[in-house]
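Biologist: I have not looked at this one before. Can you walk me through how it packs?

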Amino acid sequence: METEATASQAVKAQLRLRELILSGELPGGSRIAELAIVEKLGVSRTPIRTALMRLEQEGLLEALPNGGYAVRTFSERDVADAIELRGTLEGLAARLAAERGAPAGVLAEARQCLAGIDEVLAQPALDDAAFFRYVALNKRFHALLAELAGSPVVARELERVVCLPFASPSGFVVVQANSARARDMLIVAQDQHRQVLEAMEQREGARAEAIMREHSRLAQRNLREAVQTHDLDRMPAVRLIRRRA
């Protein structure tokens with residue numbers, strides 16, 4: 001039976017292993033040597049095995065036929081499909097929130113997130129600190145969508161999909177940091193955020209759903225830019241994506 005201490009170690013090992021993969025320290029296709037990971041992280045084998053199983057469920061690792069795991073690589077289509085799935089589920093959440101009536105308290109918190117993003121975008125130029133603040137606020141806003149829907153089923157599935165590699169709402173936003181039109185794209189995204197809240201308040205379900213589906217198209221554009229970028233030091237995890245032939 002798993003003890004609380006072992007469970008805590010497994011979570012820490014999972015987070016650290018994910019970091020090693022997404023930072024490129026464990027490159028795509030490489031086999032995970034369990035003993036080497038035990039030594040590197042200073043954690044016993046039981047929580048390491050649990051962490052490896054969880055990362056396989058997340059999609060970052062694949063089980064090998066003869067035992068053990070390897071770091072997965074992803075086709076550009078895999079990632080595009082994951083983003084599309086998130087857009088579909090967020091569209092559903094927005095429609096349900098509009099049709100059922102979004103909770104006033106959650107709507108107020110969502111507006112606070114957008115006010116914070118407005119402060120970030122009011123800066124004439126965005127530095128790394130501004131981008132990281134945007135990512136945190138954007139993540140929280142998208143998390144609130146599930147609460148606005150009032151559906152534990154949709155909330156659970158959204159939680160699952162954003163754990164898919166590169167499918168999170170801000171999965172590729174860092175790529176924009178050096179782009180001349182970075183601020184412009186974030187302003188478009190922010191306008192869509194405001195429009196979807198307005199559609200919810202007006203009980204316009206179809207409009208709310210369409211806005212969130214369109215919102216995911218920005219992430220698709222960021223994906224295309226990410227796989228074409230030569231500045232992989234800013235986003236080494238992109239090396240896990242195989243470009244289309």
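Modeller: Leaving aside neighbours within four places in sequence, Leu126 is in contact with Val120, Leu121, Phe131, Arg183 and Leu186. Keep in mind that this is a predicted model.

Biologist: Which residues have the most contacts inside the largest nonpolar core?

Modeller: Leu126 is one of them, along with Phe141, Leu148, Val196, Leu197 and Met200. That core has 32 residues.

Biologist: Which helices each supply at least two residues of this core?

Modeller: H4, H5 (104-121), H6 (128-149), H8 (182-201) and H9 do. Apart from this core lies another, of 31 residues, with Leu41, Ile48, Ala51 and Ala237 among them.

Biologist: Switching to helix pairs. At what angle do H5 and H6 pack?

Modeller: About 160 degrees, with their axes 9 Å apart. Angles over 145 degrees count as roughly antiparallel, so H5 and H6 are roughly antiparallel to each other. Their crossing is left-handed.

Biologist: Which residues make the contact?

Modeller: On H5 they include Val106, Leu107, Cys113 and Ile117, and on H6 they include Tyr134, Leu137, Phe141 and Leu144. By class, the contact of H5 with H6 has 13 nonpolar, 2 polar and 5 charged residues.

Biologist: And H4 with H9, left-handed or right-handed?

Modeller: H4 passes H9 in a right-handed crossing. The axes of H4 (residues 76-100) and H9 (residues 205-228) come within 7 Å and cross at roughly 160 degrees, so these two helices are also roughly antiparallel to each other.

Biologist: How many charged residues are in that contact?

Modeller: The contact of H4 with H9 has 10 charged residues, with 11 nonpolar and 6 polar.

Terms used
Residues numbered from 1 in each chain as written. Predicted model: local features only at pLDDT ≥ 70, side-chain atom pairs only at ≥ 80, totals over all residues. Heavy atoms only, no water. Axes fitted to C-alpha atoms, helices over the stretch in contact; angles between N-to-C directions. Helix = DSSP H or I, 4+ residues; strand = E, 2+ residues; numbered from the N terminus. Parallel < 35°, antiparallel > 145°, perpendicular 65-115°, else oblique. Left-handed = near helix turned anticlockwise from the far one by under 90°. Nonpolar A, V, L, I, M, F, W, Y, C, P; charged D, E, K, R; others polar. Core = buried A, V, L, I, M, F, W, Y, C linked by side-chain atoms within 4.5 Å. Buried < 20%, exposed > 50% of the residue type's maximum accessible area, 1.4 Å probe, protein only. Contact = heavy atoms within 4.5 Å.
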